[in-house]
Each structure stands twice: as C-alpha cells, then as structure tokens.
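Reader: I'd like to learn how to read a model like this one. Can we go through it feature by feature?

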Amino acid sequence: MTEILPAQLAEIRDEFLAVDEKSRLQLLLEFSMELPDLPSRYAEHPDLLERVVECQSPIFIFVEVADDGVHLHATAPREAPTTRGFASILAQAVDGLSVEEVLAIPSDFPQMLGLGRAVSPLRLNGMNGMLQRAKRQLAERAAA
Amino acid sequence: MPIEIDESPEFAEYAYPERLVTTNWLEERLGAPGLVVVESDEDVLLYEVGHIPGAVKIDWHTDLNDPVQRDYIDGERFAELLSSRGIARDDTVVFYGDKSNWWAAYALWVFRLFGHSDVRLLDGGRDKWIAEGRPMTTDATARRPAEYPVVERDDSVIRAYKDDVLAHLGNPLIDVRSPEEYSGERNTAPAYPEEGALRSGHIPTASSVPWSKAVADDGTFRPLAELNAIYRDEAGLKDGDDVVAYCRIGERSSHTWFVLQYLLGFNKVRNYDGSWTEWGSAVRVPIAVGEEPGELPR
C-alpha cells in the first residue's frame with residue numbers, strides 16, 4: 001500500500017476499501033452501469049479494438065491518446081456486468097492521464113481494490129488482462 | 001412441501017424426468033408455496049442486473065466454497081446459507097443460470113452433497129427464459145428466513161477426490177473440457193483465463209466428451225436418443241458403469257454429472273471437482289497428452 005498511485009486511482013481504491021465486501025460488489029455494479037457506449041467513430045472500426053482474452057466474456061478495448069491525455073474505450077455485453085465493471089473502473093482510472101502515468105500504473109492495481117474474496121481471484125484476472133493490454137497498446141504506440 | 005413434477009412429454013423418456021422443469025412450468029408456478037427458485041451464475045453480478053421474480057441468488061464462489069480451504073462449506077454454514085435464503089429442507093428448489101446452466105448444475109450438485117432431495121434444473125437456463133420474453137426484475141427478493149437443519153455433507157457418493165480418481169483408473173473417466181484442453185494444446189478453455197495448472201493434457205484413459213455435446217442450440221438438453229449416441233455409442237459407457245467426470249474446477253463436469261445421473265440414469269457417477277487445476281499441478285500423477293486417451297499407467 002506504499003505505492004504512489006495517481007490521485008484518481010487512489011480515489012477509486014479508497015472508495016472500494018472504505019466499504020464492506022458486499023458493498024464493494026454493489027459499487028462494482030454501479031461502475032458497470034457507468035461504462036459509456038463506444039464512441040461511434042470506434043464502433044464503426046472494429047479493427048481498432050482488441051479482444052481481452054483473459055476475460056470470460058467478450059470484451060474489446062481501445063486506448064486513445066488525445067491532446068487531453070489517455071482515454072480507454074471498451075465494449076462488453078450487458079450480460080457481463082462484472083467484466084463491464086472492470087472496464088469501467090479502468091476507463092475512469094486512466095482517463096486524462098499522460099501516457100507515462102498510465103505506463104507507471106502498478107500491474108497489481110486490480111488486486112488493490114479488495115475484491116479478491118467477493119469476486120474471486122479468477123474473475124479478477126480479467127481486469128489484469130485489460131490493464132496489461134492497455135499498457136501494451138500505449139507502449140507500442142510510444143515506440144512507433 | 002415438494003411440488004408436483006413437470007409432466008412435459010419432452011422429459012418423459014429421461015431416467016429421472018422429475019429433475020427438469022420447462023420455462024413454461026416455472027412461470028406458471030412462480031410464487032407457489034414450497035417452491036424456491038435459485039439463480040447461480042458465472043458472473044457474480046448478473047443476478048443484480050435482472051433475475052426471475054422471487055428468485056434468490058447463490059454464488060458458487062462467495063456462498064458455496066469455503067473461504068479459506070479449497071473445499072465446500074460445512075453443514076453449519078450450509079444451514080445458515082439456506083436459512084438466510086428462505087429455503088426449507090423439504091422445499092422444491094429449481095436452479096437456473098448463465099452459460100447453459102454450468103453453475104446452476106454445480107449448485108444443484110452441492111445441494112445433493114447435503115442430501116437436499118428435491119432439486120431440479122430449469123431446462124435451457126437463464127438465456128432461454130429471457131429469449132422467450134418471460135418476466136425479469138431487479139427488485140430485491142424478500143423471503144422469510146427458514147430454519148434449515150444442520151446436515152453433514154456426504155462426499156462419498158457423488159464426489160471424487162484425487163486419490164479416488166487414482167484408485168479409479170481403468171474405469172470410465174469422462175473429460176468434459178474442450179478438445180484443446182484435452183490434448184494439452186492449451187491449459188484453459190478457449191477464451192478463458194489461465195487458471196494455474198502447471199501441466200497440460202488429460203488423465204490417462206479418459207474419454208473426451210465436451211460438456212456442450214449434451215446441449216442443443218437453444219440451451220436445452222438433447223433428447224435421450226442423441227444423448228445415448230454420445231455417451232453410450234461413442235464414449236462407450238455401459239449400464240452399471242462406475243463413472244467419474246472432471247473438467248477444470250468441477251463446474252462443467254457438474255453439468256455432465258447431471259446428464260449421466262439424471263437423464264441417462266447411470267447410478268454411480270461422481271464429479272471430480274479438484275479437476276484439472278488439481279491434477280495438472282499435482283506431483284507424480286500420470287498425465288496423457290494428445291488426442292488419444294492414452295495407456296493405463298502401471
């Protein structure tokens with residue numbers, strides 16, 4: 001817990017850790033409902049989206065680098081609320097950060113949210129996959 | 001009190017037709033005294049997004065697994081869980097869930113470990129119910145707590161441990177995972193995360209019969225003649241066989257256990273819930289790779 005997290009990540013972490021396990025699931029559900037639809041410019045370009053195979057449900061992500069920082073876009077079916085919740089957490093966690101800041105996010109950020117027992121470590125693996133893929137997309141683009 | 005069985009003709013030929021209900025049967029009886037509907041899903045939040053009116057949620061991980069040891073909860077915790085969900089010992093429990101009822105079958109199997117007698121599956125599961133436009137709600141279910149007795153779990157009849165499987169080698173084993181997992185080409189189901197088994201392959205002599213073979217396109221179980229063709233003609237099971245089924249953590253094999261036990265009527269079927277995540281990491285157990293069952297280890 002001594003990691004230095006960007007403020008918006010620390011805020012999300014603290015929000016989860018402040019409540020009991022049952023409420024953490026409720027919070028995850030709220031995040032899942034906040035996942036915005038894919039912007040139409042990406043919806044029309046499925047080739048840009050990357051499948052997160054670590055997730056049990058079909059989810060696709062795309063990381064955009066704009067003038068105002070990084071944005072993560074994701075699409076996942078309504079029948080996969082846990083996966084949508086993970087995507088929504090990450091989308092809000094990285095939004096507007098610089099590329100360097102996103103690359104510096106600790107890889108075990110998903111494990112910091114206190115969801116292991118309520119969600120199961122297996123299910124949490126999906127969020128690890130999303131974070132790693134987002135970072136890899138950014139690293140590739142930074143190197144190009 | 002147990003409730004009347006579903007006499008639908010499509011179930012009549014199965015060995016135990018009373019273990020299945022149709023979506024129609026269930027919708028007509030929602031709210032009936034003595035009937036409890038249980039949703040069990042892979043996605044831990046799916047119930048919250050919408051469930052059958054009056055259904056309660058039981059999660060395989062947070063409710064049925066022991067939080068510390070890799071095992072199921074004990075009789076006291078099971079009694080607490082069922083009491084809190086308003087389930088009495090003689091209630092009829094109908095299970096349904098996502099993924100063609102994998103987790104519903106798993107929960108049903110755990111209920112059987114505790115000897116809960118009247119357990120049934122909703123044929124076609126959650127997807128069929130929704131596809132038919134039947135009612136769903138996000139309203140919280142309020143059931144009056146029940147007093148479920150403390151019953152000791154009996155693992156001896158329908159559950160196999162690793163040592164049981166070692167002693168069983170030479171008798172029929174059914175591997176219900178995907179062909180890729182069976183051959184050892186991969187360690188997890190296609191599109192599923194790595195679950196940490198150290199070796200890939202299958203238990204020597206096991207036949208590969210992926211769970212999904214038992215299910216038609218609409219998620220319902222295939223008719224008896226088709227199931228016989230798959231499990232008797234192709235996999236070679238015979239009446240009187242002692243059968244063990246396994247997968248990765250025991251959920252898909254609960255589904256096959258249900259088919260073998262209740263639809264085909266084999267009377268000695270065990271689910272090896274340790275499955276590949278245990279076998280594939282255990283030291284000095286035999287493993288076969290490739291598409292063939294492999295030799296019986298000496």
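Predicted model: local features only at pLDDT ≥ 70, side-chain atom pairs only at ≥ 80, totals over all residues.

Reader: Fine. How many residues of chain B are in contact with chain A?

Author: On the chain B side there are 18 residues, and they touch 23 residues of chain A.

Reader: How many salt bridges turn up over all chains?

Author: A search of the whole structure gives 31. One to look at is B:Arg126 with B:Glu39, at 3.0 Å from N to O. B:Arg126 sits in helix 6 (residues 125-131) of chain B and B:Glu39 in strand 2 (residues 35-39), so the pair links distant parts of the chain, 87 residues apart, where helices and strands are DSSP runs.

Reader: Are B:Arg126 and B:Glu39 buried or exposed?

Author: Both are buried. The cut-off for that word is under 20% relative accessible area.

Reader: Which residue forms a salt bridge with B:Arg153?

Author: That's B:Asp71, with the closest N and O atoms 3.3 Å apart. B:Arg153 lies in the loop between helix 6 and helix 7 (162-168) of chain B, while B:Asp71 lies in the loop between helix 3 and helix 4 (75-84), so the pair ties together parts 82 residues apart in sequence. B:Arg153 and B:Asp71 are buried too.

Another pair is B:Asp155 with B:Arg159, 2.9 Å apart at the closest N and O atoms. B:Asp155 has a relative accessible area of 11% and so is buried; B:Arg159 counts as buried because its value is 5%. Through shared partners, salt bridges join B:Asp71, B:Arg153, B:Asp155, B:Arg159 and B:Asp273 into one network.

Reader: Now helices. What span should helix 2 of chain A have?

Author: Take 1.5 Å a residue: the 14 residues of helix 2 (residues 21-34) should span 20 Å, and the end C-alpha atoms are 20 Å apart, so the two agree. Its buried residues include A:Leu25, A:Leu28 and A:Phe31. The buried residues of this helix pack against helix 1 (7-17), helix 4 (81-94) and helix 6 (116-119) of chain A, together with helix 2 of chain B.

Reader: Where is A:Leu131 found?

Author: In helix 7 (residues 121-143) of chain A. A:Leu131 counts as buried because its relative accessibility is 2%.

Reader: Last one: which loop holds B:Lys99?

Author: The loop between strand 4 (92-96) and helix 5 (102-113) of chain B. B:Lys99 has a positive phi of about 50 degrees although it is not a glycine. B:Ser100 is found in that loop as well, and its phi is also positive, near 50 degrees.

How values were computed: Residues numbered from 1 in each chain as written. Chains lettered and ligands numbered in written order. Heavy atoms only, no water. Helix = DSSP H or I, 4+ residues; strand = E, 2+ residues; numbered from the N terminus. Contact = heavy atoms within 4.5 Å. Buried < 20%, exposed > 50% of the residue type's maximum accessible area, 1.4 Å probe, protein only. Expected span 1.5 Å × (residues − 1). Salt bridge = Lys/Arg side-chain N within 4 Å of Asp/Glu carboxyl O.
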